[in-house]
There are 4 protein chains.
Amino acid sequence: MARPIKVEDHSARRQAILEAAKACFARKGFHPTTTAEICSEAGISTGNLFHYFRSKKAIIAAIVEQQGEEAKSHLAGLADEPDLYEALHGFFDLVLAMASERDFANLALEVAAEASRDPDIGALVRHNDALLREGLTVLAAGAIKRRQIMPGLDATQVALGIAAMIDGLFARVAIDPEFSVQGQRNTFVLMLERFLQPKASDVSIEAPLCDEAH
Amino acid sequence: MARPIKVEDHSARRQAILEAAKACFARKGFHPTTTAEICSEAGISTGNLFHYFRSKKAIIAAIVEQQGEEAKSHLAGLADEPDLYEALHGFFDLVLAMASERDFANLALEVAAEASRDPDIGALVRHNDALLREGLTVLAAGAIKRRQIMPGLDATQVALGIAAMIDGLFARVAIDPEFSVQGQRNTFVLMLERFLQPKASDVSIEAPLCDEAH
Amino acid sequence: MARPIKVEDHSARRQAILEAAKACFARKGFHPTTTAEICSEAGISTGNLFHYFRSKKAIIAAIVEQQGEEAKSHLAGLADEPDLYEALHGFFDLVLAMASERDFANLALEVAAEASRDPDIGALVRHNDALLREGLTVLAAGAIKRRQIMPGLDATQVALGIAAMIDGLFARVAIDPEFSVQGQRNTFVLMLERFLQPKASDVSIEAPLCDEAH
Amino acid sequence: MARPIKVEDHSARRQAILEAAKACFARKGFHPTTTAEICSEAGISTGNLFHYFRSKKAIIAAIVEQQGEEAKSHLAGLADEPDLYEALHGFFDLVLAMASERDFANLALEVAAEASRDPDIGALVRHNDALLREGLTVLAAGAIKRRQIMPGLDATQVALGIAAMIDGLFARVAIDPEFSVQGQRNTFVLMLERFLQPKASDVSIEAPLCDEAH
DNA sequence: TATGAATGAGGATTCATTCAT
DNA sequence: GATGAATGAATCCTCATTCAT
């Protein structure tokens, strides 16, 4: 009689399937992964998966959507930062942390690949990407207004450049198994800083700071 | 009856198959592309393909190898440049030109994705990647020695950073269909220049101490 | 080098698959029959079937189309008959002969059932049915003009009635395994004759009054 | 806690499931209909169905049995008719009324199709069919004895012919969506009358000559 | 009884690869 | 070499049925 609506159970299992799928996709790729493998990884039967996701494609779609939500919340946090430049550094740190997990990078690559062939997934990915760039653009615009970013680029370009850096970082992780995010952290931070304010006016005045970066 | 095996014919057709496969992979991805589609695109029969390639996998392997050869020749050309800094710009231009073709970028993404799941393809891609970074490292080392690159990074880091920029550029093309390489050329060139020598010419006026080298 | 276009081989095998499918459908029904069973019956591998038919549904569609062609040729033969009434008897004999094969009747039942749920198959079946009734209508119209059919029905009604008799005959065969077409031939012929001209020629000659009465 | 098992409730729901199943089977056919669809149509949960029916097959079996009961009661009613010939007309009217519902005709077709492949269902259907023919045979025998049916057929044949007409009528409804039972009522009544006694009672009164000619 | 999540066998279809011609 | 029919393993997904709650 008492039918406790197990919303929690349902979404917990749904999430478990998502995690299993992410692990599988990171490992073998989307197409080569079979639904049976996902089920096995998630510890459920082959048919049960389809109570939670209409199709295999719906799984990757859900992954992309969830990544979008996460990105959104990360960006939302940034807007609260008083010092926007500082905020950008914070965000970059977050990205570096994510990139540290090779699975995450592999998954990102896999998602990008799938997006380039499946229009529906492509639309979701582009939506997320647009969201990210918009968020970065807002941040950049604030920094530019405060003259925290060296002239030569408008806010959109800054956002685009940072997005490319992030993509490049993830690509490095995915391609080169010897690549260490922590080891190369400095390289990427420098790339970002110099892109935004190559030893900006204040720094260049004080000259001696020139080497401090290495 | 006497069929002199024309080596030219053979390799011409082999190349035609490779081109057909590249077009297909760029369009649909490696796994979703069927060998029949490749044959159709190449204008041969389904069975004939296997006279030229042992398997489907051998096709993508050949593509990666060929890309490696091309990269090698491009890098070889750079070594002949007297002004290494100029050479780097030239190489970057080459990359920008390649990235302009969306098919090329999609193919690169597809190859990277396949590399992350198939160890054999992965090894080939990593080999190419290592070659690229080695070439860039040599260039960077020369530029550093000539003090054409601002301190803060060693040659390996410079090479890595440039590689990441290239990856990021390709990722932008593959992800965002509205992205225009030509329109954003400036952004990427600036990213490169500032990465190598922040504040470039103008800086050198105010603070020659910092980058007096260039 | 010599590539004889084996059109014959192709259509021969296609026909063999069709025959195998007809046997299976008659035995187990359309949905319960697996494509593997059809392949097994036809002596081919599971994948090969799909070189000849796009899908399982395409098989039953082809069966219906082929039945339509056969019906068309049978009806065409009738038009050549000088005595249309005699022609109708001939056609009815043909139908009785077909109904004698229980497999044929079962298949007809199965086709009808599938037609009632799949619109595409339904359209094909209705097309065949319309063709049959048109042919019968023409025959009936000729017979009516010659006063070979007793008044009370127009040509369309006659055609419809005969079609219903045929359906009923097939249904009897499919439903009752003890039913014998040959044993009950007389019953159906009588049903037809009385439907068309109760008391036949002699009546119409002696008592034309009989007609108007009903 | 004390749940008096209300027999009424139970059989009411059982009947509701049966009605839901009949609607589904008429619409989509037996095999293509899922138990979930039946449950949805009946407004119960997927598992609950199996408290009322052991299996999906048991549902169609119950439908056939129920149809048999109905047929039995209809035939029982006929036996009470003083004028058997009149009774037959009444029964035919009943059939025409049932055939007017396309769903009923589709269901009948579906049941027949399933009977031709599943021996158990086949047995039930044959049982019903035998019952029907027996009932008709009794009626026919009475009519023959009273000379209400024109010679040329024995009671069994009459019953068989009528059964075939009924099958044919249902087939027409199921096959041709433009077929109207009411519109063609006359055709079928005429078919029946002429089959039994061409120029019927009125003729026999006015022109007894007509009958003897056969 | 009622629920609906879980099960897992089964089915249509695809596709890389082989091979007879 | 060239052809394309043949193979059959593999895959996504469905669905009747069970069972814990």
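**View 1. Helix α9 of chain C against helix α9 of chain D.** α9(C) and helix α9 (residues 181–196) of chain D pack with their axes 8 Å apart, at an angle of about 110°. The structure shown here and in the views that follow is a predicted model. Because angles of 65 to 115 degrees count as roughly perpendicular, α9(C) and α9(D) are described as roughly perpendicular to each other. On the side of α9(C), the residues that meet the partner helix are C:Met191, C:Arg194 and C:Phe195, and on the side of α9(D) they are D:Met191, D:Arg194 and D:Phe195. Sorted by class, the residues of this contact of α9(C) with α9(D) comprise 4 nonpolar and 2 charged, with no polar residue.

**View 2. Helix α6 of chain C against helix α6 of chain D.** From α6(C), the contact draws on C:Asn106, C:Leu109, C:Glu110, C:Ala112 and C:Ala113, while α6(D) brings D:Leu109, D:Glu110, D:Ala112, D:Ala113 and D:Ser116. The residues in the contact of α6(C) with α6(D) fall into 6 nonpolar, 2 polar and 2 charged.

**View 3. The whole contact between chains C and D.** Chain C gives 44 residues to this contact and chain D gives 47 residues. On the side of chain C that touches chain D, at least two residues each are supplied by α6, α7 (119–145), α8 (155–175), α9 (181–196), α10 (200–206) and α11 (209–213) of chain C. Within that side of chain C, the largest share comes from α8(C), with 12 residues. By class, the side of chain C that touches chain D has 23 nonpolar, 10 polar and 11 charged residues.

**View 4. The axis that relates chain C to chain D.** The same surface serves both copies, since 100% of the contact residues of chain C recur in chain D.

**View 5. The contact between chains A and B.** Here 45 residues of chain B are in contact with 45 residues of chain A. The elements of chain B that give two or more residues to the side that touches chain A are α6 (102–117), α7 (119–145), α8 (155–175), α9 (181–196), α10 (200–206) and α11 (208–211). Among these elements, α8(B) gives the most to the side of chain B that touches chain A, with 13 residues. The residues of that side of chain B divide into 24 nonpolar, 10 polar and 11 charged. Chain B is superposed on chain A, with an RMSD of 0.1 Å, by a rotation of 179° with 0.0 Å of shift along its axis. The same surface serves both of these copies, with 91% of the contact residues of chain B recurring in chain A.

**View 6. Helices α6 and α7 within chain A.** Helix α6 (residues 102–115) of chain A and helix α7 (residues 119–145) of chain A have their axes 7 Å apart and pack at an angle of about 125°, and α6(A) and α7(A) are therefore oblique to each other. In α6(A), the residues A:Val111, A:Ala112, A:Glu114 and A:Ala115 meet A:Ile121, A:Gly122 and A:Val125 in α7(A). The contact of α6(A) with α7(A) includes 5 nonpolar, 1 polar and 1 charged residues.

**View 7. The surroundings of DNA strand E.** Around DNA strand E there are 31 residues, of which the closest are A:Gly47, B:Gly47, C:Thr34, C:Gly47 and D:Gly47. Two or more residues of the surface near DNA strand E come from α2 (35–42) of chain B and likewise from α2 (35–42) of chain C. This surface near DNA strand E holds 7 nonpolar, 21 polar and 3 charged residues.

**View 8. The surroundings of DNA strand F.** DNA strand F has 32 residues around it, and those that come nearest are A:Gly47, A:Ser55, B:Gly47, C:Gly47 and D:Gly47. The elements that give two or more residues to the surface near DNA strand F are α2 (35–42) of chain A and α2 (35–42) of chain D. The residues of the surface near DNA strand F divide into 8 nonpolar, 21 polar and 3 charged.

Conventions
Residues are numbered from 1 along each chain as its sequence is written. Chains are lettered from A and ligands numbered from 1 in the order in which they are written. This is a predicted model: local features need pLDDT of at least 70, side-chain atom pairs count only at pLDDT 80 or more; totals for chains, interfaces and linings use all residues. Two residues are in contact if their C-beta atoms, placed from the backbone, lie within 7 Å. Helices (H or I, at least four residues) and strands (E, at least two) are DSSP runs, numbered from the N terminus. Ala, Val, Leu, Ile, Met, Phe, Trp, Tyr, Cys and Pro count as nonpolar, Asp, Glu, Lys and Arg as charged, and the others, Gly among them, as polar. A residue is near a molecule or strand if its C-beta atom, placed from the backbone, lies within 6 Å of it. Axes are lines fitted to C-alpha atoms, for helices over the stretch in contact, and angles run from 0 to 180 degrees between N-to-C directions. Angles under 35 degrees count as roughly parallel, over 145 as roughly antiparallel, 65 to 115 as roughly perpendicular and the rest as oblique. Copies are superposed by least squares on the C-alpha atoms of residues with pLDDT of at least 70 in both.
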